[in-house]
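Hi there,

Here is the structure I promised to pass on.

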Amino acid sequence: MKFKEWLKDLKYEAIQGNLDVEVEEVVYDSRKAREGAVFVCMKGTKIDSHEFIPSVVEAGVKVLVVEQKVPVPEGVTAVLVHNAREALALLSAARFDYPAKKMVTIGVTGTKGKTTTTHMIKTILESCGKKVGMIGTTGIVIGQTVTPTKNTTPESYELHEAFRNMADAGCEYMVMEVSSQAFKMHRVDGITFDYGLFTNISPDHIGPDEHDDFEEYLYYKSRIFHCSRKGIMNRDDTHWAEVTKDAACELYSFSMDEEGTDFKAENIHYVSQPDFVGLEFDVKGRYELSVRVNIPGRFNVANALAAVSVLSFLELPKERICHGLEHLSVNGRMEIVYTSETCTVIVDYAHNAVSMESLLTTLRDYKPKRLVCVFGCGGNRSKDRRYSMGDSAGRLADFTIITADNSRFEKTEDIIADIRGSIEKTGGKFIEIPDRREAIEYSMTHAQPGDMIAIIGKGHEDYQEMNGVRHHFSDREEVLKVAERLSK
Ligand SMILES: CC(=O)N[C@H]1[C@@H](OP(=O)(O)OP(=O)(O)OC[C@H]2O[C@@H](n3ccc(=O)[nH]c3=O)[C@H](O)[C@@H]2O)O[C@H](CO)[C@@H](O)[C@@H]1O[C@H](C)C(=O)N[C@@H](C)C(=O)N[C@H](CCC(=O)O)C(=O)O
Ligand SMILES: Nc1ncnc2c1ncn2[C@@H]1O[C@H](COP(=O)(O)OP(=O)(O)OP(=O)(O)O)[C@@H](O)[C@H]1O
């Protein structure tokens, strides 16, 4: 391919060499530099990769994309761009021959609910017999193959590579999580989503290397309505007006509370039976159906309604949408791993006080005999989280088992002591079992009829990090092992 062909969508200034040069790859990491590759130089948050120009040229690179006027070795083609990350995104789309255009694309953003909602959309589409690719915190998923990723929204090159693999595997649909950081870092530049979904926004990801303040966070999150054809907004979010004020797409809304929205959840029921714990509600408005969702929690009404709102545009059989919602499996998100006459055990990824608070509050809607909470906190991270999570557990759970999370390089006992201090202030009942495996076992073997046990903090994680070493550990697997022993 001639380099010039890849430049069609890009604004650039040719500063040296021939644009007809043959290229076959785009690289943004000097360690992957090779002959035939275009190297995109960028000023990162830690490193300015313009400094690698001599070494990439040495490795055979003959084409450079630069963000600043720098000396370019003789015989090398170079173009100057205003923003190298944007250029990387547009070049990557061209390199993989615009695979996103070959699928129906759905982008999901929001502070909470992205992973859950993307899984819901995928499961429903699959229940309708469609082939779906998915990208997010749990990795790149194509069929049964899951490829872990460093970021929730990977770099643009990895995105377009994944889109290409999806399109080649016959996926008709692609659903992905789009983080605010991805918008800020131009990872999705050049993509137009067929549907852009906004779940909610609350202060998060504010700090060094992320967002300066809430205003900036909100600005980047609201970009979803600037790169989508149809946008779907949660009208119950207190910031909905700011988020949608300059939306550049056809806009629709969903709500659990507000009348007059395009999609409305009504007649919400919390169902807790030995063989089914979850939700029932009716969708009203532009689309009407009654659904049963096999994951609990008021916020999952919002997530399921959001998923149905998007899918209502796709002319899918309603009974298959209902079937999908009744048979969801979202790894580690309000996941009911075990349910019996005695107790229901839920694994959830809530790892801060806000999530924990909404989780424990919503589980109360199921009127358990006791709400038991098993949790710990990560080591080498802010101590505030220990105090605030301890406070929430003490106030909202009937009984707490404090245990280890990822202690990293800290002593588990020290972390537990921090949590203990804040639980004690609330007067909530608790015990301490530092070994997470034993804590899970204790919660289930000492369950009282009607108990709901929430094991929280690690969700889908399949490891526990102690002294800098990651050991295999899964809350889900541990629950199932105890369940098997109990059944004998
Ligand atoms: C702050 C931030 O977002 N950093 C992201 C950014 O890294 P960077 O480019 O600034 O890194 P850098 O080390 O300065 O490197 C600059 C350039 O030099 C190149 N380089 C570097 C070393 C070398 O030897 N040779 C070389 O060429 C690098 O490939 C890069 O092109 O670009 C990388 C590639 O896309 C990202 O992996 C990385 O995410 C880091 C790991 C991160 O932690 N990001 C978080 C904040 C994030 O993005 N989170 C969101 C939200 C998650 C959520 O919702 O919970 C996410 O989507 O994951
Ligand atoms: N719509 C929602 N509103 C509030 N809390 C939610 C919502 N959906 C899920 N949660 C809670 O937040 C946790 C994370 O949910 P999920 O992974 O779906 O969100 P996310 O946007 O992908 O978050 P993260 O960026 O933290 O991975 C869940 O385990 C649950 O406790």
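What share of the 488 residues in the protein is buried? Buried residues make up 48%, where buried means that 20 or more other C-beta atoms, placed from the backbone, lie within 10 Å of the residue's own.

A word on conventions: this is a predicted model, in which local features need pLDDT of at least 70 and side-chain atom pairs count only at pLDDT 80 or more, while totals for chains, interfaces and linings use all residues. Residues are numbered from 1 along each chain as its sequence is written, and chains are lettered from A and ligands numbered from 1 in the order in which they are written.

The protein has 15 helices and 24 strands (DSSP runs numbered from the N terminus: H or I of at least four residues, E of at least two).

Strand S22 (residues 451-456) may interest you. Six of its six residues are buried, so S22 is largely enclosed by the rest of the structure. Asp-451, Ile-453 and Ile-455 lie on one side, with Met-452, Ala-454 and Ile-456 on the other. S22 runs parallel to strand S18 (residues 343-348), joined by six bridges (pairing takes at least two DSSP bridges); there, Val-347 is the bridge partner of Ile-455. Strand S19 (residues 371-375) also pairs with S22 in the parallel sense, over four bridges, and Val-372 partners Ile-453.

Best wishes

How values were computed: A residue is buried if 20 or more other C-beta atoms lie within 10 Å of its own, exposed if 12 or fewer, and partly exposed in between; C-beta atoms are placed from the backbone.
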